[in-house]
Amino acid sequence: DEFNFKDFMFNESPIWNKSGLQSDATWWGFQDHSLLDEYPEWFKWYFEFSAGKINSKLITNIEEKPAMGEVLHKDYERNAKYWSGAEKIKITHAVIGDYIIIANTQTKPHYIVEINDAVIADNLRHIFKGMWEMIP
């Protein structure tokens with residue numbers, strides 16, 4: 001349920017960050033806008049908690065408006081690129097360190113899948129980096 005989803009994100013964030021700081025301190029992937037819409041309090045907390053340590057380069061399925069940046073901490077480096085081809089993608093897929101996070105916040109109940117696998121994470125990181133570089 002949504003309560004456990006949010007609780008899980010708060011509890012796992014330090015673990016994800018620790019893993020990221022040991023390899024690549026960047027969230028790479030695709031972020032469905034509904035994650036930010038549904039859990040703005042986690043984003044605000046996460047950006048403050050991670051400022052100066054972790055950054056993100058996420059592809060998104062909507063063009064972000066300036067107001068969306070209001071939840072961000074000024075010292076957190078968050079980069080998002082809109083990709084028109086992503087409009088049909090409805091799930092967040094992201095990687096940091098050895099962790100892969102897959103989250104569905106488009107439909108109820110919300111759910112999140114966490115995979116701790118260095119090989120899969122590294123492969124996905126390369127895929128997302130390549131996509132990032134191809135999107136203007």
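Four of the five residues in strand E4 (residues 92–96) are buried, so the strand is largely enclosed by the rest of the structure. Keep in mind as you look around that this is a predicted model.

Which strands pair with E4? One is strand E1 (residues 26–31), which joins E4 in the antiparallel sense over three bridges. Here Phe 30 stands opposite His 93 of E4. Another is strand E5 (residues 99–104), which is also antiparallel to E4 and pairs with it over five bridges. In that pairing, Ala 94 faces Ile 101 of E5. E4 and E5 make a hairpin with two residues between them, and Gly 97 in the turn has a positive phi of about 55°.

Now to the charged side chains. How many salt bridges does a search of the whole structure find? It finds four.

| Salt bridge | N to O distance |
|---|---|
| Lys 6 – Glu 41 | 3.4 Å |
| Asp 24 – Lys 129 | 3.4 Å |
| Glu 48 – Lys 44 | 2.8 Å |

Lys 6 and Glu 41 form a salt bridge that links distant parts of the chain: Lys 6 sits in helix H1 (residues 2–22) and Glu 41 in helix H3 (residues 40–50), 35 residues apart. Lys 6 is partly exposed at 29% relative accessibility, and Glu 41 is partly exposed at 34%.

Asp 24 and Lys 129 form a salt bridge whose partners are 105 residues apart, with Asp 24 in the loop between H1 and E1 and Lys 129 in helix H4 (residues 118–134). Is Asp 24 buried or exposed? With a relative accessible area of 15%, Asp 24 is buried, while Lys 129 is partly exposed at 26%.

Glu 48 and Lys 44 are four residues apart in helix H3, so about one helical turn separates them.

How values were computed: Residues are numbered from 1 along each chain as its sequence is written. This is a predicted model: local features need pLDDT of at least 70, side-chain atom pairs count only at pLDDT 80 or more; totals for chains, interfaces and linings use all residues. Side-chain values use heavy atoms; hydrogens and water are left out. Buried means under 20% relative accessible area, exposed over 50%, partly exposed in between (1.4 Å probe, protein chains only). Two strands pair if DSSP finds at least two bridges between them.
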